[in-house]
Amino acid sequence: MAPRVRPITAEEWTAWGRSVGVPFLHPVSDDPADAEQHWERPPLERTWAIVDGNRFVGNAAVLTRRVNLPGPAGGPCPAVPMAAVTAVGVHPTHRRRGLLRRLMEAMLTDAVARGEPVAGLQASEAGIYGRFGFGVATFAARRRIDPRRGAFARPAPEAEVRLLDPAEAATTLPGIFERAVARTPGQVDRTEGSWTWEVLHDPPALRNGRSAQFHAVTDDGYVLYRAERVAHRDGRRLRVTDLCATSPEAEAALWRFVLGIDLVDEVEAFPRPVVDPLAHRLADLRALGTTGIEDFLWLRVLDPPSALSSRSYRRGGRLVLEVEPPEAATLDPDPAVGRFVLDASPEGAIARPALPGRGADLRLGLPDLATLLVGAVPASILAAAGRVAELTAGSLTTADGLFATQPPPFDATGF
Ligand SMILES: CC(C)(COP(=O)(O)OP(=O)(O)OC[C@H]1O[C@@H](n2cnc3c(N)ncnc32)[C@H](O)[C@@H]1OP(=O)(O)O)[C@@H](O)C(=O)NCCC(=O)NCCS
């Protein structure tokens with residue numbers, strides 16, 4: 001019998017946890033506590049398994065989350081519901097038989113039925129999800145900073161820094177995070193589950209030889225970091241995994257704290273914004289190295305009228321977008337495919353399906369619609385890459401003006 005895709009039952013949690021470990025090459029022991037302790041439990045009805053006979057041979061889950069779309073100048077971003085796809089894997093015994101495609105069909109069909117305008121994920125490989133209509137929505141830089149060259153060009157404001165234990169961090173950090181990310185498109189919200197099971201989860205077995213996590217906090221920001229030995233040197237490296245502040249001054253004060261910690265000869269930070277004020281704070285611009293720029297959040301638009309009219313636009317303009325079907329059909333019909341009219345102004349926007357016969361201004365792939373939605377890459381750059389076609393003269397310039405966002409999209413939250 002062909003493998004079936006279905007949500008799991010409550011009794012199947014442990015087996016599902018074991019299944020997730022297989023494609024990620026991280027086998028989980030038979031101890032139920034081991035299988036269950038490493039992730040936020042998705043809603044049962046959104047926890048999917050591929051079942052072959054009496055075995056799980058693949059898995060995926062959807063967390064019910066929100067993602068910030070661009071907001072008005074100086075104002076908070078609208079946070080729209082997002083089907084946050086996670087734990088995707090097909091066992092090596094069953095790969096390349098179309099089972100990922102079937103998982104996607106199940107998850108995206110369910111997300112459309114729930115009225116979620118977008119789905120999101122983080123990809124293990126960049127080549128996997130474009131075919132299903134996912135496009136890159138945020139990038140993240142990997143930084144390496146030499147603290148001995150960490151002097152600032154202008155003095156940073158002072159802030160009192162306190163080190164919290166995990167229980168204090170659990171009550172203090174969420175409020176700061178919410179204030180800090182409210183104006184940044186691309187930021188994914190953090191539920192109690194994500195704080196507990198992702199951000200603050202710190203069992204010794206998962207530290208890979210690094211120290212326990214430190215939680216340093218000021219009134220307006222916090223930084224999470226760990227120390228590790230650098231094999232070929234005597235010193236230590238600090239790994240900053242989350243540095244979040246409600247103002248540029250508060251952020252500078254946290255960096256001042258991090259770069260002043262004794263016994264450290266290297267600071268690594270990920271994920272960080274690609275355009276980062278820190279580079280311009282430093283007296284020596286080259287003290288901030290970039291070891292990589294990676295795709296981070298991917299989005300898949302499920303409902304273009306809802307998604308496009310939820311975000312803000314800094315200018316006015318009208319565009320008719322022709323969205324091409326994704327390479328791999330997962331929704332039939334796909335509500336994200338077709339022609340859509342966007343009527344935007346700083347006061348608000350309306351997007352709707354175009355009337356039959358209405359000509360299009362731009363033709364683009366579904367992944368590119370996601371990229372434009374958050375303003376991750378200008379339309380003219382996507383056109384230069386052959387991904388967007390300008391059908392009426394001047395529409396690329398209009399699109400560049402309409403979709404541009406400030407600050408650029410950034411997501412600090414994995415899931
Ligand atoms: C990635 C993975 C889920 C793919 O599952 P799968 O069942 O083999 O995928 P499918 O057979 O449904 O493939 C669908 C399409 O995606 C392509 N594809 C699958 N994995 C791919 C990859 N890693 N890179 C590029 N293309 C890939 C297939 O070639 C196929 O293309 P086609 O429709 O043109 O034939 C599976 O290989 C896996 O579990 N890998 C390890 C864990 C992992 O990386 N998970 C993803 C976490 S984000």
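Author: Two strands count as paired if DSSP finds at least two bridges between them. The strands themselves (E, at least two residues) and the helices (H or I, at least four residues) are DSSP runs, numbered from the N terminus. This is a predicted model, in which local features need pLDDT of at least 70 and side-chain atom pairs count only at pLDDT 80 or more, while totals for chains, interfaces and linings use all residues. Residues are numbered from 1 along each chain as its sequence is written.

Reader: How do you know that strand 11 and strand 12 pair?

Author: Five bridges join strand 11 to strand 12 (residues 264-272), and the rule asks for at least two, so the two strands are paired. They run parallel. One of the bridges sets Arg237 against Glu266 in strand 12.

Reader: What makes strand 10 and strand 11 a pair, and in which sense do they run?

Author: Nine bridges link strand 10 (residues 221-229) with strand 11 (residues 236-245), in the antiparallel sense. Tyr225 has Val240 of strand 11 as its bridge partner.

Reader: Why are strand 1 and strand 6 called edge strands?

Author: They belong to an open sheet of seven strands in the order 1-2-3-4-5-14-6, with mixed pairing. Strand 1 (4-7) and strand 6 (135-136) each pair on one side only. Inside that order, three bridges join strand 4 to strand 5 (residues 118-121), and these two run parallel. Ala84 has Gly120 of strand 5 as its bridge partner.

Reader: Which strands does helix 1 lie across?

Author: Helix 1 (residues 13-21) lies across strand 2 (47-52), strand 3 (55-68) and strand 4. Contact means C-beta atoms, placed from the backbone, within 7 Å. Helix 1 runs at about 90° to strand 3, where axes are lines fitted to C-alpha atoms (for helices over the stretch in contact) and angles run from 0 to 180 degrees between N-to-C directions.

Reader: What is the order of the five-stranded open sheet?

Author: The order is 17-16-15-18-19, with mixed pairing. Its edge strands are strand 17 (348-353) and strand 19 (388-390), and the twist averages 20° from one strand to the next. Helix 9 packs on this sheet, touching strand 15, strand 18 (362-365) and strand 19. Strand 15 (residues 317-324) and strand 16 (residues 338-345) are antiparallel, joined by seven bridges; Leu321 stands opposite Phe340 in strand 16. Helix 11 (residues 395-403) lies across strand 15, strand 16, strand 18 and strand 19.

Reader: Which residues are the closest to the ligand?

Author: The closest are Pro23, Val90, Arg95, Leu100 and Ser124, among 19 residues that surround the ligand. A residue is near a molecule if its C-beta atom, placed from the backbone, lies within 6 Å of it. Strand 4 (79-90) and helix 3 (99-113) are the elements that give two or more residues to this shell.

Conventions. Two residues are in contact if their C-beta atoms, placed from the backbone, lie within 7 Å.
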